[in-house]
Amino acid sequence: MRFLALLWLLPFLCWAEPAVVIRATELKKEPATDAATVAELAENAALDAGERKGGWTRVRTPGGSEGWVKMLLLRYGAPGTAKAGDTGLSQMFNVARTGTSGTTVTTGVRGLDAEQISNAHPNVAELGKMASFAATKEASSGFAKRAKLQARQVDYPAP
Amino acid sequence: MRFLFLPLALVLTPAHAQFNLNLDRILDTVKNVSKATREIDEKEEIAIGRDMAARLLGAAPLVADARLQRYVNNVGRWLASQTERAELPWQFGVLDAPQLNAFAVPGGTIFVTRGLLAKMRNEAELAGVLSHEIAHVLKKHHLKAIQKGAQVSLAGDAFSTALSDSRSEARAKLISFGTEMYSRGLDKSDELEADRLGVVIAARGGYDAYGLPAVLQTLQAMNAEDSAVALMFKTHPAPAERLDALGEKMQPTLDAYSNQPQLPERFTVEAKAAR
């Protein structure tokens, strides 16, 4: 399970991810359009990406300049290289559930790949259990208020 | 439908009376086809959805953690309350599966997998994913696909039977077809629409509107060959394409609501069981 523990830490590791910008853009000193420009970035410029703040992601150039770019302009993965391989998650969960090697379990393992969905039999007991966890409109309203979430009027975009 | 009326018109013409076709039978067929194309009402939508949800729960049970399940229900119910179908019997479940995925079931049942939750950083990201799924239910994307498919696979009375008799063979067929939708996927335009509406619904709920794009970016960073994302990638447009589409259509909305809460602390405590 050491791998899962590492996954949990991922969001807190700064500069963890190589990324590129999909268009030429400005590297900003602060996460704001009107902030000073640190550098001009070319299309497909390689960067290391860090945390996000609103619509901005903190990045560092190979030359060592730091600043912020619009998060929607970033795509992860270094240019021309393959992304990291199989996380092996599925296999690990099989091991966790059966206590034996995941590879030896080929039938009877539940999960949500296409075949498992097609072959599933209804589980009415779980359906009942799910209903017991449902929240009322009023309860969820109190839950939102406790975190100071405020409902807003926002229009759907034109189709 | 036009092709059905043409032979009927021929039969009704006296000059063709010598064909001596069984008019009653043809009229029956026409009547039954019109039944198959009738709208599924809300009560039926909810009942079909329950059957489909039971099937998904047969593939993967709920994560056995009441606190996590109640938490996701609270977030989801709050978001659903901000929509035009606020009065549906909304329920939310975290499925105990390593694959990264989320499912919208007609009638207001939404699932997210433990695998996807484990990749999220805060409540705004969870809200973004749930809002995308809520949008599928609002727009009846799966229901419409099921109805379209039923016209082909359930001829005549069978569709009516499937809706009215929950123990019928036709019903089992309809539910099988409906459940298969989750391994075949919806139209790309449905997914992109759910992304746009999802951003709006999360913003209405008071969350940082960038929650959904943030999850898409996490997915984009993963290898498409990874078995944990294989089905989700097969049934959805590529994350990079979804991010492009949001950038094109939703940038003003995203930026207007980017400073709303993300709630990483509450998420870390309440969703601990998914880690």
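**A helix pair in chain B**

α6(B) and α10(B) pack with their axes 7 Å apart, at an angle of about 125 degrees. Axes are lines fitted to C-alpha atoms, for helices over the stretch in contact, and angles run from 0 to 180 degrees between N-to-C directions. That angle makes α6(B) oblique to α10(B) (under 35 degrees is roughly parallel, over 145 roughly antiparallel, 65 to 115 roughly perpendicular, the rest oblique). Helices here are DSSP runs (H or I, at least four residues), as are strands (E, at least two), numbered from the N terminus.

This is a predicted model: local features need pLDDT of at least 70, side-chain atom pairs count only at pLDDT 80 or more, and totals for chains, interfaces and linings use all residues. Residues are numbered from 1 along each chain as its sequence is written, with chains lettered from A and ligands numbered from 1 in the order written.

Now the residues. On α6(B), those meeting α10(B) include B:A127, B:G128, B:S131 and B:I134. Among their partners on α10(B) are B:A194, B:L197, B:G198 and B:A202. Contact means C-beta atoms, placed from the backbone, within 7 Å. This helix contact divides into 9 nonpolar, 5 polar and 2 charged residues (nonpolar: Ala, Val, Leu, Ile, Met, Phe, Trp, Tyr, Cys and Pro; charged: Asp, Glu, Lys and Arg; polar: the others, Gly among them).

Next, B:V199. Beyond neighbours within four places in sequence, B:V199 is in contact with B:A209, B:L212, B:L246, B:M250, B:T253 and B:L254.

Last, the chain contact. It takes 74 residues from chain B and 57 residues from chain A. Among the elements of chain B that each supply at least two residues to this side is α10 (188–204).

Note on methods:
Two residues are in contact if their C-beta atoms, placed from the backbone, lie within 7 Å.
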